[in-house]
Amino acid sequence: MRPLGHAGALLRGTKVLSRAVSSVEEATVAPFCQRIGACRQASRPCISARHSSPTCVARRQFSQSPVVAKKKQHQEVKPPKNSSNNTAPSASSDAPKPNLADPFDLADLEHAFAKGTEHYLNELTKARSGGRFNPDVLGQLRVRPDKKSPETFPLHELAAIVPKRGSRKVSVLVHELANVKPVMTAIQASPDLNQQPQRVEDNEQELVLTVQAEDPAEAAKRLKDILNAWRQQVRDAKHKREQVVKKWWRDGNIVDDDFKRLEKEMQKLQDKKMAEIKAKEKEVEGRS
C-alpha cells in the first residue's frame, strides 16, 4: 500500500503543476491572441451595422477623399462688340450744375440739350456723306490690339484712313505691323462692314476695303435710328434734372408752387427740342 500512496501523491503533484502551467499560459497567451483577433477584425471593412463588431475601426473611403481642384484655364477676354455711333454724348467736366441758390436756372439742362444737338447733327452728316465707309465713321471702329487686355482703341488712332480717288475703295494704312491682324479682325467682326479686307502685296501694313452700295432702306433706317437716339438723349437729360428737383422738394428746400413751376419750365424746353428734332427728321426724309 505504501507504493500506491507514493504514486497517488505523485499524480496529485502532477495535476497541480499542470494547472499552474495552464494558468500561466492563459495569463500570457490569451491577451496576445485577443490583440491579434482585434487587429484582424480592424482590418476588415465595416459592411453593415448588424455584422460589425465593437472593435471595428472606421476606415476612410475613397469617395470621401477631397477632389483635387483643376488648374484654372486661361480664359480669353472677349472684345466688346462695336457699339453704334448713336451713343449719347458724355457730360463734360465744365458743364453747368444745378444750383439750389437759383433753382430756376436751367443752364445745365440747356447745355445737355445743346451737346446732344451737336453730337447727333454730326452723326447725321456723316451718315449721309459716305455712310458706313465715311472715313470719320470708319475711324470710330473699336479695335483691340492685345488679346490679353480688354482695352480697345478707335481705328483712327491705329491707322490712317484714305479714300482712293477714282475708285470705290478705301485704304487703311496701319501704323504698326503688329496691329494689322487686330484691325482685320475688327473689320470682319463689324456688322456694318461685314467684309474681308484685302492686303496689298508691296505693303504689309496696308488694307483695302471695297465701298459697297448701301441699300436705301438700310440707309433710311440708319438715319431714323440716329434721330430716335437723339430724342432719347433729350428725355434722359430732362429726367435727370427732374430727379434733382424732386429731391429738393422732398427735402423741403423748395415749396410746392416752385416745384410745379420748374416742372412746366423743363417740359417747355423738352417740347422745344423735340419740335427741332421733328423738323430735322422731315428735312432728312425729304432729301433721302
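Let's start with tyrosine 120: this residue is buried, with a relative accessible area of 1%. Here, "buried" means under 20% relative accessible area, "exposed" means over 50%, and "partly exposed" is in between, using a 1.4 Å probe and protein chains only. Before going on, note that this is a predicted model, where local features need pLDDT of at least 70, side-chain atom pairs count only at pLDDT 80 or more, and totals for chains, interfaces and linings use all residues. Residues are numbered from 1 along each chain as its sequence is written, and side-chain values use heavy atoms, with hydrogens and water left out.

## Ring pairs

What does tyrosine 120 form with tryptophan 230? The two form a stacked aromatic pair, 6.4 Å centre to centre, with 15 degrees between the planes. Rings of Phe, Tyr and Trp (its six-membered ring) pair if their centres lie within 6.5 Å; planes under 30 degrees apart count as stacked, over 60 as edge-to-face, and the rest as tilted. Tyrosine 120 sits in helix 2 (residues 107–128) and tryptophan 230 in helix 6 (residues 216–250), so this pair ties together parts that are 110 residues apart in sequence. Tryptophan 230 is buried too, with a relative accessible area of 0%.

A search of the whole structure finds 2 aromatic pairs. In the pair of tryptophan 249 and phenylalanine 259, the ring centres are 4.9 Å apart and the planes are at 15 degrees, so these rings are stacked. Tryptophan 249 belongs to helix 6 and phenylalanine 259 to helix 7 (residues 256–287), so the parts tied together here are 10 residues apart in sequence. Tryptophan 249 is partly exposed, at a relative accessible area of 37%, while phenylalanine 259 is buried, at 12%.

## The whole chain

Zooming out, the chain has 7 helices and 6 strands. Both are DSSP runs numbered from the N terminus: helices are H or I with at least four residues, strands are E with at least two. Along the sequence, the pattern reads α-α-α-β-β-α-β-β-α-β-β-α-α. Of the 288 residues, 25% are buried. The chain exposes about 20,600 Å², and carbon and sulfur atoms supply 54% of that; the areas come from the Shrake-Rupley method with a 1.4 Å probe, and for residues only the protein chains shown count as cover.

Contact means heavy atoms within 4.5 Å. Among contacts in the chain with a separation of 6 or more, 61% are between residues 24 or more positions apart.

Two strands pair if DSSP finds at least two bridges between them. Here are the pairings:

| Strands | Sense | Bridges |
|---|---|---|
| Strand 3 (residues 159–163) and strand 4 (residues 169–174) | antiparallel | 5 bridges |
| Strand 4 and strand 6 (residues 203–210) | antiparallel | 5 bridges |
| Strand 5 and strand 6 | antiparallel | 3 bridges |

Valine 162 partners serine 171 in strand 4, lysine 169 partners threonine 210 in strand 6, and valine 200 partners asparagine 203 in strand 6.

In helix 5 (residues 180–189), Val180, Pro182, Val183, Met184, Ala186 and Ile187 are buried. Their cover includes strand 1 (142–143), helix 4 (155–158), strand 4, strand 5 (198–200) and strand 6.

Asparagine 179 is in the loop between strand 4 and helix 5. Is asparagine 179 buried or exposed? Asparagine 179 is buried, with a relative accessible area of 11%. Leaving aside neighbours within four places in sequence, asparagine 179 is in contact with Pro145, Leu158 and Val174.

## Confidence

pLDDT is the predictor's confidence in each residue, from 0 to 100. The chain averages 77, and 64% of the residues score at least 70. Among the elements, helix 1 (residues 2–43) has the lowest mean pLDDT (52) and strand 2 (residues 153–154) the highest (94). Over residues 38–58 the pLDDT is below 50, and this stretch has 8 contacts in the model beyond near neighbours in sequence. Where pLDDT is low, the predicted coordinates should not be read in detail.
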